[in-house]
Structure formats: C-alpha cells, structure tokens
Amino acid sequence: MGPTITFLISIAESPGGTDVTLRCQGHLGSDRFQLWRDGELREERNASWQQAEFVLRSVDASRDERSYSFLSGQGPLWSELSELLALVVTGAFPKPSISASASSKISPGTTVTIWCQISPKAPFQEYSFALLEAKSLEPLQWQSPAGDRATFSLLSVTAEFTGSYTCIYCKKTAPHMGSIPSQVLELTVTGQLLRPTLWAEPGLLVTPGTNITLWCSRPKSSLEEVTFTLRKAGTQKPLQQQMQGPHRDKAWCLHSQLCPGAWQDSGALGDMRHCHCDLESGEERCDNRLTGSLPKPSLSALPGLLVEPRMHVTLQCQPPPQTSLSGLTFTLLKVGTPQALQSQSPAGASADFPLLSVRAQDAGNYSCVYHRKMFPYHVSEPSEVLELWVTDALPKPSLSAWPQVTSGANVTLLCQGPSRSSSFVLYKDRDEKILASMQNTQDGAKFFLTHMIPQDSGNYSCSYQLSTNGNLWTQHSDPLQLIVTDPLPRPTLWAVPSPVVPGGADVTLRCQGHLGSDRFQLWKDGEFREERNASWQQAEFMLRSVDAWRDGRSYHCRSGQGPLWSELSEPLALVVTGTSVTIWCQISQKMAYSQGYSFALLEAKSLEPLQLQSPAGFRAIFSLLSVRPEDTGNYSCVYYRKTAPHKGSHPSKMLELIVPGRFPKPTLGAQSSLVVAPGANITLWCSRPKLSSLGEVIFTLWKAGIQKPLQQQTSADLWTSFLLPSVRPEDTGSYSCAYMDHTVSARESEPSEALELVVPGSLPKPSLSALPGLVVEPGMHVTLQCRQPPQTFLSGLTFTLLKVGTPQALQSQSPAGTSAAFPLLSVRAQDAGNYSCVYYERMAPYQVSEPSEVLELWVTDALPKPSFSAQPGPEVASGANVTFLCWGPSWGSRFVLYKEGGEKDLPRIDTSQGGAQFFLTHVNPQDSGSYSCSYQRVTNGSLWTQHSDPLQLTVRDVTLMCQGHLGSDRFQLWSDGELREERNASGQQAEFVLRSVDAWRDGRNYSCRSGQGTLWSKLSEPLALVVTAQLQLWLFHDAVPDWDYSFALLEAKSLECLQRQSPAGLMAVFPFLSVRPGPEVASGANVTLLCWGPSWGSRFVLYKEGDEKTLLSMEASQGGTKFFLTHVTPQDSGSYSCSYKISTNGSLWTQHSDPLQLTVRGERKKPPEPTGGAKDHSLHCP
C-alpha cells in the first residue's frame, strides 16, 4: 500500500521564491522515505512518527513545477509509490475572481456552487482550475473546462465544509505556472460535526505498568484549529485536551502508565476505564481493561466446542464460586482481535454471550474477564482459553505405513490429526467394525499389527474425534493399501562386457529375476534410477558413453511380479577407467615434402614439451593414454627442422582439454601441536601434488560443519599456509583443505584427510552467508542467512542483522530453528556494504554471541572499474615485449584485454588476487593503439565491469644514429661488414631507421662512417644489435643450433647491457636471482627465491651475506630451482645471492648472481600496484 502525500505552502503575492514542504505520511512503522520527481528518485531520508518532510527552497516555476510522489519503507521493504501530486507555483498570472451560489451561512444538505473566473489580462491558452482551502492552499477539486471559467460543486454540505476557500488557474502543460490565488470566500455550514474515531495501542487488554496510547481521529474537513477532548465514563471533567492545527486529523487522547493510584492495599488490583473522545458534539467510546488480581473466571460453550456451520453457540463467562461481588461487567475477548467482542452487565453472577449462525471464521480461541463498574474498578485475570471449532474446518486425518510387508512381519500404522483430536480408530476395507482404538499421542496414534499374514492384506483407513464431542467423528482418511506377501527371491545383477570399462564405452547392466518376474528397477547409490517392464525374467539397462564421475557408482536392482517386489540385489560396483585421447599436429603437405620436420606437443602456457615425434609425413599423432582430471589444460604444438639450424614454427592455436573429475587430494599438516592454548597462533600447511596442466590454483581451508570456506589463497606454488591467529575455544574442530583450478571451470580436488584442532576452553560467533551470492544486480532479492554453529545446541534464540556504519539493527527474528533468513528486497547501490549478525538467548542467562565475520555485499552498479598499466612503459621499441597489468578487487576472477578498433577482445586470463598480466611479444608499430581491460565475477559469467581508463601504447622503430665530424654531409650504415644504406644529411649526423626489427634479419653488428666531399672517415666502432626472445624456446628445450653465442646480462626494464660474455660452451657464467612475492614482505610471510640458469645447470645453492656457509642446496629443475623461506622474520632480512654448477663438472661453480636485498617488516603490507615506466630504449650491447 502506498503512502499519502500532502504539501504545505505559503504563497506570497509574487511569482516563485517561496519555500514548499512536501509531507509524506507512511504506514505504521515506516522509518525511511523517498521523494520522486517526474518518475526519478530525488531524495531519501530517515524519519520517525511514520512521516517525513521534504523542503523545496525558493521554488522556481521552470525547476520545481513537476509531478511528485513518495515511497515509504520499513527495514528492507518499500511501499508502492503514492498518488501523484502536481506542484503549481503561483504568481505567474493575474488573480482570478471567485463567487458562490449561496450566502455565507448555509443549511446542512445544501449543494453549493463556486465559480472561478480567469482575469481578462491573462494570456490566451488552455488552463486548469483548482479550488483550494484558503490557508493551507490544499487543492480540494480540479477542473479543466473549455472556457475561461470553472464551476466547482459542493454536494450536500455538512458542518465540516465550514471554512475559507480560494481558487487559482494554471497551465495544463509543464511547467504548470499558476496564477495568484483569488480573494478568500468564507462559507459557514450550521449543524453538528461528524463523530471521531477512538482506538488504542497496543490493545485494550493490558497488564499493570503498561503504557497505552489512545488515538482520537476526526474526519478530514476544511476546519482549521480544533480541540480534542478525552473523557471517562462516570467522570464529569475531561481527562485531557489537545489543540491541533488544520493539517492534524488525530491526537493522542491518553499516553500514560496505567498503575495503581489511590487503590486499596491489595496491590495492583487493576484499572477499568471507560473513556470517550469528543469533538464538539460527536463522540466515540472505547473500553480499556487493565488486568488485576481478581481470580480468573471460567468460560464454557453450549452446546459444545465443536459445532456445525450456521448453528448458534453460547459462551458463558462465570466468576469463581467464592467470589461474592455484585455490579459486575463481563467482557468476551478473542485471541488475535484487538477489540472486545461483547460486554454485558447482568444482574446475576454470570454472562451469556451468543454467537449466532457461526461460520468457519468464528472458529478460534476465546477468553473472558469481569470487572467492577464502580471504584475501586477491580479487574479479573482472563479465563483459560477456550478453542471453538466449526466442523467444516476440521481436516481429515492421514494414514501412513510401509506399503509392503512380508509374512510374519510387524507393521505400524500412523494416523495423524490436529492437536485437538483425542481418540483415533482404525478401519479395514470400510468395515463398520472398529479394529482398534487409541488415545492421542503428539498429533496422532500408532496402531501395531503383529505377525502379519497374507490374509491381513487390504485397504485400511482411520478417523478421530475431539474430547469435547463424544459422538462426532471426522470423515475417514484416504485408504491405504497394505500388502502382505511371501518374500520374493533376490535377483542377480551383472555388467556386460565387464564391471571395469574404459571411459566413453557402453555398458549393459543385466538384472536376472525369479520365475515370473515382469518388472525391474535399477538403483544407483541407494536411489531409484529407472524402471522397465521385460519378459524372460530379466531386463537390460544400457549406460552409454560412461563417465567416471557420473557412472562410476554402486548399482542394485530388484524384480517385481504384479504388486510384489523382491529385495534389492547384491551391490555391483562399476569402475570406469581413464579415456585415451589422440591429438594430431599437422602442417601443409607442400612444406612436409620439402624437408623433414620434427613435432613437439607443448603445454600451452609454459611451452614445456610433453611429447616429441619425427614422423615421415606431414602429421604427428600424440596419444594421451588413460587421461585423468589432472591432464586438464591447454595444449599446443610446433614443428621444426630436423637438421641445423633447427628453425621452428610459431606455436599452434591452443587446444583446451577438459577431463571431468576431481584432482588428487592435497595434504594438510601443522608445524606445531594441534592441542593449543587460547590466544595462540597456529599455521596449517596445505600442499598439493605437482600437476603439469595446472598454473595458479585456489587453496581453500574448510572446517567441518561450516558451509563456507574459512580462508582462501591463490598461488602457483605447490603449497600454501593458513594462519589461525589467536585461536579460541570455538575454533575447536575438524579441518581439511582442498584446491581449485583458477579458471572458468573451477574444478576442485578431493578434500584432504581431516586434521583435528583442539582449543581447551561463551557463545561462538554465527556464520553469515548470502544467497544467491555476494555480487548481485540492482533490483534483485538477496537473502542473508545467519546460522548458529552446528556444535551449539541452543534453542529460543533471537538473531539480529547488523550493517557496518548503521547504528540501528536492520532486522531481528526469533525463528524456531537454528538459523534466520533476512531478506533484502530489490537491492540498490546503497545496500552494498559490510554486514554481520549476532544471536542471543531470550531467557536467562541472556548470553550473546560474538558478531559473525563481516560479509561484504556488492551491487553490480557499484563495482569499481579496474586500473590498467604497462611494463616497461607505454612507449617501447619495435621488437620488445610488453606486459599489460589489469588490477581489480580481490574477487575479480576473469580479466579481458581490449584494443580499440579490434573486432574482438584479446585472450582472456583467469586469475586471482585481484589482477592479471597480458603478454605481447615482439611488438611492432602495428601493435600501437589504445588498450583497456575489464573483469567479471566468478558467480556471474555474463556480467563484465566497465572498461578501465584507456592506455596508449606507442611502438617505435629502432633508430641508429651516426654522429660525424664537423662538415660531414654524407653517411653510410654497414651491417656485418657490408654496406647497407647511404644517405646525405646536414648537421654532422644522420639517422637510420630499422622498422619491425627481426632477430634473423636485424640482429647484427653495425658500424657507420661519415664523408665530406670525396673523403670518407674510417668505420665507427661496431655496435651489436640484439633482438630478444627469439632464442628463448630453443634454449629452454635444449635444442640449440650449433653456433657460437655471446651472452648479455641486462637491466630488466631499460634493457641496458650490464655485462657481456662469449664463453666457449653453451653457458654464461652468471645466474639470476628473483623473489616472490617481492623484495619487501611482512613478518610471518612465506618467501620463494628463484635462481635461474641454463638447463645444463644441475645443482643450485643459496647464500646470505654474512653467513660463512651456504643456506640451501637444491637439485635443478628445467634450468632453475626454488628456495622456500617460511614464516620469515626481520632477522631474515639481508642480501642474498645464488650460484650453480654443471653436471659435467662436479667441482666447477659459477660466480654468484647479482645480490638481491630482502626486507622483512614487522607487519603485513599490501604490495603496491605495478606501474609502467615511460622509457623508450632499443637493446644496445657494445
């Protein structure tokens, strides 16, 4: 139901500039209000007393003459919009004239006509007219006549029509500019005013000490100020009086604490007050009863508590026999009805309350009270509740049992009815004779049939009666067929061709029943799967293209004959082995016949070779035998010349292979004891097997009995740690961990073996979860569920929902179960935020839980756009590699890179920790352009955020600059001793541009010379131009052409050449040391140091400056190794380096790598977002 809207306006004799108050009156309990203008939200505010005021300052015709409406809200709920209110700013046109068809004093029932005439000076156009209450300017009637005058009719006027009237006219179309109000027209209607209405909050039957408010409400009229009066029967003077203005149509008649006054010394005996609220001559009565210490009466029903519709029932209220009071008033009450139903003041000691022609809605719980009509106004306690039933409201019972039993078994039949039922009977085949009769037990009765034989088969039913009517029974329940059979033999189940089959194969499950079997059922893991009819006492169930995850289960079958079924067969376990996958890598036949090629199957992201083949033809066949879930991943292939130089192709497009099923389980362990004192810190370690197809994974720590994960971490390492700081007794429990592929498939592993944590030790905190998720679209409904921990066996709890930054509780519930669901309906951006909940006992000792963990709710139109940067910078040289970094919030799960003008987005990357990296290799000027990125949530695969701010990438060609002597006007560029280019130039220098440099074409030694006239200088010192990344694949896979090489050590961002070597073999003498997550970490973090060298390095060692011996020694793996430093402290800060040796020379170690400074700080520090540089360098090694 929508709220009501009014407005207060004080009009000056000038156009616009006036303040206007729009007042919204909501429903009882409303505490939030919204103002809408022309269908758009303008303002929202919180307010009490079920109403709010919105002030429009210095109204302007062009800005504020609009249509307005309101919404009122309570908690998460909102009403419908109110009726529209058109605001008219007067003063734009001359005032009209107003006149009436009657004199100033008018008799009740007369029809009065009021005319409003436009001023002759008004512009000629179509107008609407409004008749207004003069002081408030509240519009009473609207008209849009064709001419220049409007006629308003007041039909059958009453005293409420007395008042002052005026009128205006305004434009029909927006902006609704209006005229100055007309002169005031006074009307006086003789007679009495209509009676007001009087009601009470919270009700009319209250306990001593309760506050009660009596409300007196008058009909809406043109009256200005009125006086409300509260009277009490038997009291000559008014109890209270209040004066209200023209916009207040109700008043508090009484707001007091009802308690003993000058009562007798028997204590809080009670206060019985008859009161009425009058407005001039009208009045309304209400009875307020304050229960006291008089003994409760008895309430009975004649002819009984169970009656048929349209019968008459008399409820008799009688005080206890020992009560010798006279002059009593009796009142009949009904539970759920705030007003008293009937009151009587009989001469005797009891009262009869007739209920005539009762209907179903008259059924319910009744009670009565009695009280004295004179001082000291003693009041009794209410009688015991009496429940009245109307027969067409009685439900028939239900009868249940296991429908089939074997001979000699015992059967229990359960007949269930409402709690009022007292006696139950059981029938067979609708016999009039009752088989058994039982008394009620918790809404039903159980009938026990022992040692059943086939003759006991048949249709059973039951009925019940109420204890208040020994002759009336309900109709029978629906019949229940009970079949008693001799047991059928158990069938046999087997698999063809075998119970062990490869994935993707077809399997036939054959069920062989007893002689005469014609129906068969197949059950899987204890659940019914399929039923079919078959002859020859057997049936076949076909499983096509079996899958280990779906079909590798335990199967049973059973056979039937007519209505009889056998027991389930012995279980059959179906084992589905791995599927074999064949991958083909093919080149054109023309290229294949020109020369021999070898093929390599690669893991697409790391380019690690998985298989090598050298076929005679143009296609290689790679077989993955009996694939497992860990074989899931992206594959690509390359081909290369069999003979030197081993030139290779670009990798093929990626082939994504998905193998259903879970990954192998991880291992969960702890470095310290699992029995810890409260307040201690404990670290749990989760390690997973090495799987070549997996990159980054999400490690998840679980606790038994808790639905959502305790912690999650994303890592490319094979292990991670979970810190449980300052553990408390409620942390006791069973923990396990799992890991999940950080891709769109989000495949999980089997959980680890459980680890029991014990913390010897008030109420544990609840859990708070969101359905359908934490990130939702505007307008969706969200349910926040607060649940007490499973190990807490408490009942009678109240749950409260809180929001960080909001001082008041949002919602509270007292459910019967162990959780509460708080709905957030039609969420908007302002509903986003951090939520928590608590629970507490409603009875002593009133224990309260700690708040739940904060749950952050996001509404999608509030999602921040990502940030975007490039390394080494937005300007790079042609042939360089560029890394784009896209950063979003921690729950961003998939990132996409876009280029302006491209037909589609560039490759997507699934990631974690709020960012992703996109790699562009060997860029050229065509790669220049405007790039951006966006991300999406894992819970919504179709919704992407807005793009990041664009980043302009500029790729420049390499420029070789030759500086000559004074007067030089000619220049030559030489490459590997051969003349490459000559040009004329002034200014003693020339520039030679190498476009889209390529390692094979441009990776040479360059020199230049300058000339003047016919003379030439000598050649300059040689400049070696190195184009990176071309040899990376070959060096990585040990397939290095038999050439002479030089090695260069570079500064990573600028590519400045720091050292250069030309060793005799395929090895440079310097390794390279790097660190994850970075050179600055917080105390307690885990650090991985990576020492990289060529693939021929066999053993690596790690050094720390100041230590005389090596810290760690590790075997090499693919040209490098990782050193793990766990739970680092500030004492681990220092300068680290590494070296390696070659397997062919066990005593020769390389020189140390450049030192790496590690800094361990006292607290965790979020790593800064990477930023790109802005340098433009080609790679020059002298």
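**Figure 1. Close-up of the loop that holds P303.** P303 is found in the loop between β25 (298–302) and β26 (306–307). This view, like the others, is taken from a predicted model. The peptide bond between L302 and P303 is cis. Its omega angle is about 10°.

**Figure 2. Close-up of the cis peptide bond at P872.** The bond that runs from Q871 to P872 is cis, and its omega is near 5°. P872 belongs to the loop between β72 (867–871) and β73 (875–877).

**Figure 3. Close-up of an open sheet of three strands.** The strands of this open sheet follow the order β41-β43-β46, with antiparallel pairing. β41 (492–496) and β46 (538–543) are the edge strands; each has a single partner strand, so one side of each lacks a neighbour in the sheet. From one strand to the next, the twist averages 20°. Strands of a sheet are paired through backbone hydrogen bonds, in a parallel or an antiparallel way. In the pairing of β43 (residues 507–512) with β46, which is antiparallel, there are six bridges. Along this pair, C511 is placed opposite A539 of β46.

**Figure 4. Close-up of the disulfide between C317 and C368.** The whole structure contains 10 disulfides, and this view shows the one that joins C317 to C368. A disulfide is a covalent bond that connects the sulfur atoms of two cysteines. The S to S distance for C317 and C368 is 2.1 Å. The link between C317 and C368 is right-handed, with 80° about the S-S bond. It ties together distant parts of the chain, since C317 sits in strand β27 (residues 313–318) and C368 in strand β31 (residues 364–372), 51 residues apart. C317 and C368 are both buried.

**Figure 5. Close-up of the disulfide between C585 and C637.** C585 is joined to C637 by a disulfide with an S to S distance of 2.1 Å. The angle about the S-S bond of C585 and C637 is 80°, and the link is right-handed. Distant parts of the chain are linked here: C585 is in strand β51 (residues 579–586) and C637 in strand β55 (residues 633–641), 52 residues apart. Both cysteines, C585 and C637, are buried.

**Figure 6. Close-up of the disulfide between C686 and C737.** The sulfur atoms of C686 and C737 are 2.1 Å apart and form a disulfide. For C686 and C737 the link is right-handed, at 80° about the S-S bond. The two residues are 51 residues apart and connect distant parts of the chain, with C686 in strand β58 (residues 682–687) and C737 in strand β62 (residues 733–741). C686 and C737 are buried.

**Figure 7. Close-up of S179 and the residues around it.** S179 lies in the loop that runs between β15 (163–171) and β16 (185–189). The relative accessible area of S179 is 0%, so this residue is buried. Apart from neighbours within four places in sequence, S179 is in contact with T90, G91, A92, F93, P94, P96, I168 and Y169. C170 has a relative accessibility of 3% and therefore counts as buried.

**Figure 8. Close-up of T632 and L694.** T632 is placed in the loop between β54 (619–627) and β55. With a relative accessible area of 7%, T632 is buried. In sequence, T632 and L694 are 62 residues apart; in space, they are 7.9 Å apart from C-alpha to C-alpha.

Figure 9. S357 is not a glycine, yet its phi is positive, at about 50°. The loop between β30 (351–355) and β31 holds S357. The relative accessibility of S357 is 35%, so S357 counts as partly exposed.

**Figure 10. Close-up of D525, a residue with positive phi.** D525, a residue other than glycine, has a positive phi near 50°. D525 is in the loop between β44 (519–524) and β45 (527–533).

Terms used:
Residues are numbered from 1 along each chain as its sequence is written. This is a predicted model: local features need pLDDT of at least 70, side-chain atom pairs count only at pLDDT 80 or more; totals for chains, interfaces and linings use all residues. Side-chain values use heavy atoms; hydrogens and water are left out. Two strands pair if DSSP finds at least two bridges between them. Helices (H or I, at least four residues) and strands (E, at least two) are DSSP runs, numbered from the N terminus. Axes are lines fitted to C-alpha atoms, for helices over the stretch in contact, and angles run from 0 to 180 degrees between N-to-C directions. A disulfide is a pair of cysteine sulfur atoms within 2.5 Å. Buried means under 20% relative accessible area, exposed over 50%, partly exposed in between (1.4 Å probe, protein chains only). Contact means heavy atoms within 4.5 Å.
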